[in-house]
Amino acid sequence: MRTDRDQPAGEPGAHEDPKATIRSRWRLWLPFLVKPVRRGVLIFALVLVIEYLVVPELIGASKDLHLLGQVNPAWLAAGAILEGLSLFCYGLLTQAVLPPGAHNPGLSRLFRIDLSAAAVAHVLPAGTLGSAGIGYRLFTAEGIKGNDAGVMMATKGLGSTVVLNVLLWLSLVVSIPLAGFHPIYVTVAVTGAVVLLAVAALALGITRGAQRASRILRAVGDKIPGLTGVRLEQAVLDTAASLSALARDRRVLAWSLTWASLNWLLDAASLWCFIAAFGRLVNPFELFAAYGIANVAGALPVTPGGLGVVDSVTPLLLVSFGITRSVATLGVLAWRLVNFWLPIPAGAIAYVSLKVPRGAGLKAMRAAMTSMMTRPGPPDAPPGDPQDVGHEAETTDRSAP
């Protein structure tokens, strides 16, 4: 009688575990199932937001179209100009937080890269998370090292979030005596505290515990396909050194806080002007409270650029401050035309200007527009170069929609 020991090791069915076979087949098909399911969930969430938040606002606004005959064009122009200045200040913030010694391609190119990333953030469901890939790709294409670009983008994103929460807290403190207490203030205050503590813990962990973190990541990096522990460890150490240098430079810190604050304040001032265009002057502190709460809620990576969330939460809060619903709805929708929709074509034009040389034909422009929404692989880098860690990490992040 032939037993299992007599069966050749390479023969099919030798010592097979049915459960192990099922698990191996499941792992084989899992990558092909996760992406469609994840995209389906995001699209379903986006449809729900549009159906229950955006459409009701548009229907309500259609009933108040008679107010368009009373709109003040001067305030509309002022709102559009302030929105442009807000975007420009974000470009200045990008230039300010470049690590010391990093290549600076110039304010014009940095501004166009930020505008291109904003356009993608307003299209992809993941919002700003989805725009990180194109931003990183454009920054490195301009000659900025991968690690410098990563440090700059992380510093800018975290710093801007902290500034918004601090400004929101200040507006809440001032608006409570003016407009009374609202229950949502408690949620906003707790959320802001958690965000600030998380950012502080992250910055402290990177700058003070870089050696320990790098040793842990070195062990983790050896187990990640496409990475090595040495490269990941070097990237963490370089990031910690760059962040520490930025924190010690008071001049850079002051300019960074200035441009980040102006970016938010000018955007809120643009909203104020669009509401004023319909005949209502809002208390600035109450307006910023509504603006800040809506932007914190819209920062969740569910819809592109907070689409539907910001558009519905802002009018709701403004109405609670005494603004008529018709003025609040039309003012916010007019503001979102330049805050959300206008940067999409403007960013596409900026991207083409970066990728297509002057005098190139229409075919080159179409190719550039196509590449704007694609996810190409990272450029080749010398083996062992710690600067290519960012490119590999970018490729990993791009597996998400």
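Which residue forms a salt bridge with Arg109, and how far apart are the closest N and O atoms? I began my notes with this pair, working throughout on a predicted model.

**Entry 1. Arg109 and its partner**

I found that Arg109 forms its salt bridge with Glu142, and the closest N and O atoms are 2.7 Å apart. I then located both residues: Arg109 belongs to helix H3 (residues 107-121), whereas Glu142 sits in the loop between helix H4 (128-141) and H5. The two are 33 residues apart, and the pair links distant parts of the chain. I looked up the accessibility of each residue. Arg109 counts as partly exposed because its relative accessibility is 25%. Glu142 has 18% relative accessibility and therefore counts as buried, the limit being under 20%. I note the general principle that side chains of opposite charge can pair when their charged atoms come close.

**Entry 2. The chain as a whole**

I next recorded the overall figures. The secondary structure of the protein chain consists of 15 helices and zero strands. The chain has 401 residues, of which 41% are buried. I also looked at contacts with a sequence separation of 6 or more: residues 24 or more positions apart account for 73% of them. The chain exposes about 21,400 Å², and carbon and sulfur atoms supply 68% of that area.

**Entry 3. Salt bridges across the structure**

How many salt bridges does a search of the whole structure find? I recorded three. Besides the pair in Entry 1, I noted a salt bridge between the side chains of Asp114 and Lys156, at 2.9 Å from N to O. Asp114 lies in helix H3 and Lys156 in helix H5, so this pair ties together parts that are 42 residues apart in sequence. Asp114 counts as buried because its relative accessibility is 9%.

I also noted a salt bridge between the side chains of Asp311 and Arg336, at 3.2 Å from N to O. Asp311 is in helix H11 (residues 309-320) and Arg336 is in helix H12 (residues 325-341); they are 25 residues apart, and the pair links distant parts of the chain.

**Entry 4. The surroundings of Lys156**

I returned to Lys156, whose place is in helix H5 (residues 146-179). Lys156 counts as buried because its relative accessibility is 6%. The side chains of Lys156 and Asp114 are also joined by a polar contact of 2.9 Å. Leaving aside residues up to four places away in sequence, I listed what Lys156 touches: Tyr90, Leu93, Thr94, Val97, Asp114 and Phe139.

**Entry 5. Ser256**

I then examined Ser256, which is placed in helix H9 (residues 250-276). With a relative accessible area of 11%, Ser256 is buried. Not counting residues up to four places away in sequence, Ser256 touches Leu93, Ala96 and Val97.

I compared the span of H11 with expectation. At 1.5 Å a residue, its 12 residues should span 16 Å; the end C-alpha atoms are 17 Å apart, which agrees. The buried residues I noted in H11 are Val309, Val310, Asp311, Ser312, Thr314, Pro315, Leu317 and Leu318. Just after H11, Gly322 takes a positive phi of about 105°.

I did the corresponding check on helix H13 (residues 343-355). Its 13 residues reach 18 Å from the first C-alpha to the last, close to the 18 Å expected at 1.5 Å a residue. In H13 I recorded Pro343, Gly347, Ala348, Ala350, Tyr351, Val352 and Leu354 as buried.

**Entry 6. A nonpolar surface patch**

Which residues make the nonpolar surface patch of about 440 Å²? I listed Ile176, Phe181, Val186, Val190 and Val194. Helix H6 (residues 184-208) gives the most to the patch, with three residues. I looked up Phe181 separately and found it in the loop between H5 and H6. Phe181 counts as exposed because its relative accessibility is 53%, the limit for that class being over 50%.

Definitions and conventions:
Residues are numbered from 1 along each chain as its sequence is written. This is a predicted model: local features need pLDDT of at least 70, side-chain atom pairs count only at pLDDT 80 or more; totals for chains, interfaces and linings use all residues. Side-chain values use heavy atoms; hydrogens and water are left out. Helices (H or I, at least four residues) and strands (E, at least two) are DSSP runs, numbered from the N terminus. Buried means under 20% relative accessible area, exposed over 50%, partly exposed in between (1.4 Å probe, protein chains only). A polar contact is a pair of N or O atoms within 3.5 Å; within protein, one must be able to donate a hydrogen and the other to accept it, and residues adjacent in sequence count only if both atoms are side-chain atoms. Contact means heavy atoms within 4.5 Å. Patches are made of residues with over 30% relative accessible area and no salt bridge: like charges are joined within 9 Å, nonpolar side chains (Val, Leu, Ile, Met, Phe, Trp, Tyr) within 5 Å. Accessible areas come from the Shrake-Rupley method with a 1.4 Å probe; for residues, only the protein chains shown count as cover. A salt bridge is a side-chain nitrogen of Lys or Arg within 4 Å of a carboxyl oxygen of Asp or Glu. The expected span of a helix is 1.5 Å times one less than its number of residues.
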